[in-house]
Amino acid sequence: MKKMITGILAHVDAGKTTLSEALLFCGGALRTLGRVDTKDAFLDTDAQERARGITIFSKSARMNYDDMELILVDTPGHVDFSAEMERTLAILDVAILVISGSAGVQAHTKTLWKLLKRYNVPTIIFVNKMDMPGTDEEAVLCNIKKELTNDAVTFYNNDGEKPEDVYDNIATCSEVLLEEYLESDTVKESSIATAIRKRELFPCIFGSALKCTGIDGLLKVMKNYADAGENAVNSDLFSAYCYKITRDENKTRLSHIKITSGELAVKAILGEEKVNEIRLYNGEKYNAVTMAGAGEIIVVPGLVNTKPGMTFGDLTEAKVPMLEPVLSYAIRYPDTMDRTQMLKLLQELEEELPELHVEYDEEHREIRVSLMGVVQTEVLTKLLEDRYGIKVSFDVGSISYKETITDVVEGVGHFEPLRHYAEVHLRLEPLENGAGMQFASEVSTDLLDLNWQRLIRTHLEERIHRGVLTGSPITDIKITIVGGRAHTKHTEGGDFRQATYRAVRQGLMQAHSVLLEPFYDYTLEIPENMVGRAMTDIDRMKGTSLLTESVDGVAVINGRAPVATMHTYATEVAAYTKGTGHLSLSLGGFAPCHNTEDVLAKRHYDPDSDMRNPSASVFCEHGAGVIIPWYEVFDRMHIPSCVNGMEPPEDVAGMRPLQAPRNAGELSIGTDEIDEIINRTAYANRKPVATAHKGISAARAASRKKDTYIPPKEVEYKGTKSKEKYLLVDGYNVIFAWKELSEIASVNIDGARGRLLDILCNYQGISGYNIIVVFDAYRLKNHPTEFVDYNNIHVVYTKTAETADHYIEHYTHENSRKYDITVATSDGVEQVIIRGAGCQLISSREFEVLVANSVKAFNETHGIE
C-alpha cells in the first residue's frame with residue numbers, strides 16, 4: 001500500500017482545516033463532518049484553537065483511500081505561527097496548497113510558495129470556497145499563474161470534470177511532456193507523476209471543502225500522480241528526522257519523528273537513548289506499535305536529548321529555518337517566582353517552540369523571548385497559565401534587527417598570552433539576501449591540521465556572532481577559514497575559540513556594515529474611496545504600494561513595509577474602514593533599515609566597548625601579553641594575508657580612533673579585563689558615533705586621515721599575573737553524563753562522587769585551575785552550605801533548599817569580573833544564566849573529552865605509560 005505524508009497549507013481563513021475535515025470524511029475516516037465555527041473539528045483539539053477558530057499547532061490524522069494510506073498534517077495558517085508550519089515541510093511527500101476562490105493569492109500564500117520551493121515539496125493546489133458568490137474559475141487560475149507559477153494546470157474544474165484541453169496545458173509545462181504529447185496526442189500518467197515530483201507541473205482542483213465538492217478529484221490526483229519521490233530512501237539502513245517536540249496531558253515529553261529509511265523497533269537505541277514505546281497518532285488518539293518502517297510518522301515518548309531539526313543515521317542536516325521571529329519581548333512574571341525556575345519552564349516551551357530564543361539579559365536582569373507577533377504573545381500567556389499556573393505579561397516589544405556586510409574582507413584573530421597560541425584567518429563575504437550564515441574551509445591540512453580546522457568551524461557555528469552597528473546578529477555572510485596556525489606545545493582548544501571570535505570581529509570592524517530590519521509583504525483590501533488615505537499611510541510608514549485590483553467598490557493594494565511601522569496597522573485599518581477593510585501580512589524577510597541613523601542613535605552601541613565581542617588580538621612580546629587593537633593586527637600577524645589578491649586595507653590606520661589610549665602601565669589581570677580597560681581608556685574622550693563601519697559618517701571618515709592618528713602606547717600584562725582561572729563543576733550533572741561515572745552511580749552514588757573527585761584532583765595538577773565541585777544537598781533538612789577541601793580541590797555541598805544550579809549562578813554573577821571562570825555543566829537553564837554573566841561554558845561530555853585528552857598529553861610528555 002502506497003503511503004503518503006501530505007501537508008495542508010494555506011493563508012489564514014482559506015479553509016485549510018475545513019479541507020482536512022472533508023478529506024477525512026469523504027475518505028471514510030470520520031463519520032460526521034466537523035466544522036471550525038462549531039468548534040468540533042477533528043484536528044483542532046487545543047482549547048485555544050477552538051476558542052480562536054485558527055490552527056496553532058500542527059497535528060496529523062490518518063485515512064485510507066483505495067490502495068493509498070494517507071497521513072494528513074494540518075498546519076497553522078496565521079503568520080504568527082509560521083515557524084510551526086515551516087517545521088513540517090521537511091517531512092512532507094506532497095503538499096496541498098489551499099487558495100480561497102474569493103480572495104485569490106494572498107500575501108502569506110506567496111511566502112508559503114517560496115517555502116515549498118525551498119524545501120522542494122511537490123505541490124497540488126486546491127482552490128476552495130468556489131461555492132461563494134462572485135467566484136470566477138478562470139480569474140483565479142490567471143491570478144495563480146501571475147503570482148505563483150505559470151505551470152498551474154486545471155485537472156478538475158468546479159463541476160468535478162476534467163477540462164478537454166487538460167493534456168494540451170500539461171504538455172506546455174516541460175519539453176519532455178511536450179515531445180510525448182506530440183508523438184502520441186496524450187501524456188502517460190507516469191510522465192505526469194514525474195513532472196509533479198520535479199515541481200514542473202502543479203495540478204489545480206476547484207471545489208468547496210465545506211460542501212465536499214472537488215474532494216474526489218483531489219484524492220484521485222493524489223492517488224494517481226503523487227508519490228514519496230525524493231523523500232523515499234531505498235535503504236535498509238535506519239535514518240530519521242525529528243521535526244517537533246510536544247508534551248501530552250501527563251507532561252510526558254514526545255518526540256515527533258519521520259522515519260526516512262530502515263526500521264525502528266521498541267528497545268532499539270535512537271541516538272544514545274532507548275526507545276521504550278512507539279506511538280502512531282491519529283488526532284488526539286494513538287496506537288502503540290512494536291516497530292515502524294520507512295515513510296512513517298511516529299511519536300516516541302520519554303526521550304530527553306531530541307530537538308527539532310535533529311537527524312539520525314545517514315540523513316543530511318536539516319535546512320536552517322527561513323522564518324524567524326521579528327519581535328523581542330521582555331517577559332514579566334510574578335515576584336514570587338524564582339528566576340531560575342521561570343527560565344526552566346520557558347526552556348521547556350522552547351523545545352516545543354524553538355523560535356522563542358529564550359535569553360537572559362544580565363545587564364537588565366530580565367528574561368527575553370523572540371516572537372512572531374501579538375497573537376503569539378497572547379497564546380504564550382495562556383499556555384503558561386494553563387500548563388504551569390503562572391500569569392505573565394510582556395513589554396511592548398522591540399524590533400529584532402540584523403546586520404550584514406557589502407564587501408569582502410579578511411579577518412585576523414591572534415591569541416597569544418604567555419603559554420597560549422592560536423592565529424586564525426577568515427574571509428568574510430556577503431551573500432544574497434535571505435541566504436543566512438554559511439561556513440567553509442579552504443585550508444590545506446598540510447598547513448593546518450584537520451582537527452584544528454574542525455575546532456575553528458565548531459567555534460564559528462556555536463554562537464550567534466554580533467555586528468558592529470547595534471550588536472545585532474549578523475546574517476547573509478559566508479565565513480571561510482583561509483589560514484591558521486597552532487603551536488605544538490602551547491595551543492589549547494580555548495585558544496582557537498578566542499582567536500576565531502576575534503577574527504570574525506576584526507573582519508566586521510573593517511567591513512562596510514548594513515543594518516537590516518524585518519519587512520512585511522502585505523495585501524490591503526479596502527473600499528475604493530479610502531485608497532488615498534491608505535497610500536498616504538503606507539508612504540508615511542516607508543512602505544511601497546501598488547493598486548493591483550479594484551472590483552465592485554473594493555480596492556486591493558499590495559506592497560512591502562517595515563515591521564516596525566506596520567505591525568499595529570491592522571487595528572488602524574479596522575478603525576478607519578469601520579470593519580470593512582482587511583490587512584493581510586506575511587513575513588517578507590530582512591532588508592536595509594529605513595531609519596538606520598535613528599536606530600543607531602537610540603541603541604548607543606559602541607563596538608569597541610563590547611567586552612563579550614572583542615576585536616583586538618593578544619600578542620606575546622618579551623614574555624608578556626600585549627593587547628593590539630584590531631586596526632594594528634595586520635602589522636603584527638604571523639601569517640601573511642591568506643585571501644588571494646587581497647592586501648591589508650591601505651586605510652586601516654585611518655580607521656583608528658582619534659583619541660590615543662592612556663598609558664595604563666603594567667596590568668596584572670587577564671585578557672577580558674584588559675580588553676575592557678583598553679576600550680574604556682582609549683575612547684573615553686571620543687564623541688559617540690553612529691557606526692563603526694566604512695563611509696557612514698563624516699566624523700568617521702575624518703578619523704581615517706593618517707595624519708590625525710596618534711600612535712597608542714602599548715599596554716602590557718604579565719601572563720603569570722592574569723586573572724585566576726576557576727573551574728566550577730556541576731557534580732551530579734557530570735556524574736550522570738560520563739559513562740564511567742554513571743555506571744558506578746547506578747551501584748553506589750558515593751563511589752561515583754569519590755571517583756569524580758579523584759579524577760578532578762589529577763586534572764587540577766595538570767591544568768592549574770582552581771576547581772570547585774558543587775553537589776546538591778538541598779533535600780537534606782537544616783543543612784548549611786558546607787565547604788570541604790579535598791586534596792587540591794574544593795567541594796561545596798549546597799544548603800537546604802539551594803540547588804547546585806543556584807549556587808553556581810550566584811557565584812558566577814558575583815565573581816565573573818574578578819576571575820576567569822569556566823563552568824562544566826549540561827544543564828540548559830544554567831547555561832543561559834552563565835552566558836548572561838559572561839563566563840565560559842563547557843558541556844559535561846565535552847569536559848570528559850578534555851580531561852581525557854589532557855591526561856593523555858601529560859602522560860606522553862612525561863613518558864608515563
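In which sense do strand β5 and strand β7 pair, and over how many bridges? Strand β5 (residues 123–128) and strand β7 (residues 202–206) run in the parallel sense, with 3 bridges between them. Two strands are said to pair if DSSP finds at least two bridges between them. One of these links can be picked out by eye: isoleucine 125 has cysteine 204, in β7, as its bridge partner.

This is a predicted model, where local features need pLDDT of at least 70 and side-chain atom pairs count only at pLDDT 80 or more, while totals for chains, interfaces and linings use all residues. Residues are numbered from 1 along each chain as its sequence is written, and side-chain values use heavy atoms, leaving out hydrogens and water.

Now for the overall picture. The protein chain has 26 helices and 41 strands; these are DSSP runs numbered from the N terminus, with helices (H or I) of at least four residues and strands (E) of at least two. Of its 865 residues, 53% are buried, where buried means under 20% relative accessible area, exposed means over 50%, and partly exposed is in between (1.4 Å probe, protein chains only). Contact means heavy atoms within 4.5 Å. Among contacts between residues at least 6 apart in sequence, 70% join residues at least 24 apart.

Back to β5 and β7. An open sheet of 7 strands is laid out as β2-β3-β1-β4-β5-β7-β6, with mixed pairing. Its edges are β2 (59–65) and β6 (152–156), and each has a single partner strand, so one side of each is left without a neighbour in the sheet. From one strand to the next, the twist averages 30 degrees.

A disulfide is a pair of cysteine sulfur atoms within 2.5 Å, and the structure holds 0 of them. Cysteine 620, with a relative accessible area of 26%, is partly exposed.

Next come two helices. Helix α1 (residues 16–26) and helix α9 (residues 215–225) pack at an angle of about 80 degrees, with axes 10 Å apart. Axes here are lines fitted to C-alpha atoms, for helices over the stretch in contact, and angles run from 0 to 180 degrees between N-to-C directions. The pair is therefore roughly perpendicular (65 to 115 degrees; under 35 is roughly parallel, over 145 roughly antiparallel, and the rest oblique). Where they touch, Leu19, Ala22, Leu23 and Cys26 of α1 meet Ile215, Leu218 and Leu219 of α9.

Arginine 253 sits in strand β9 (residues 253–261). This arginine 253 is buried, at 9% relative accessible area. Its side chain reaches the backbone oxygen of leucine 303 at 2.7 Å. Beyond neighbours within four places in sequence, arginine 253 is in contact with residues including Thr246, Pro301, Asn305 and Glu351.

A second open sheet has 6 strands in the order β38-β39-β37-β36-β40-β41, again with mixed pairing. The edge strands, β38 (786–790) and β41 (840–842), each pair on one side only, and the twist averages 25 degrees from one strand to the next. Strand β40 (residues 820–824) runs parallel to β41, joined by 3 bridges; valine 823 has leucine 841 as its bridge partner there. Helix α23 (residues 749–767) lies across β36 (725–730), β37 (770–775), β38 and β39 (793–797), at about 165 degrees to β37.

How values were computed
Polar contact = N/O pair within 3.5 Å; in protein donor to acceptor, adjacent residues only side chain to side chain.
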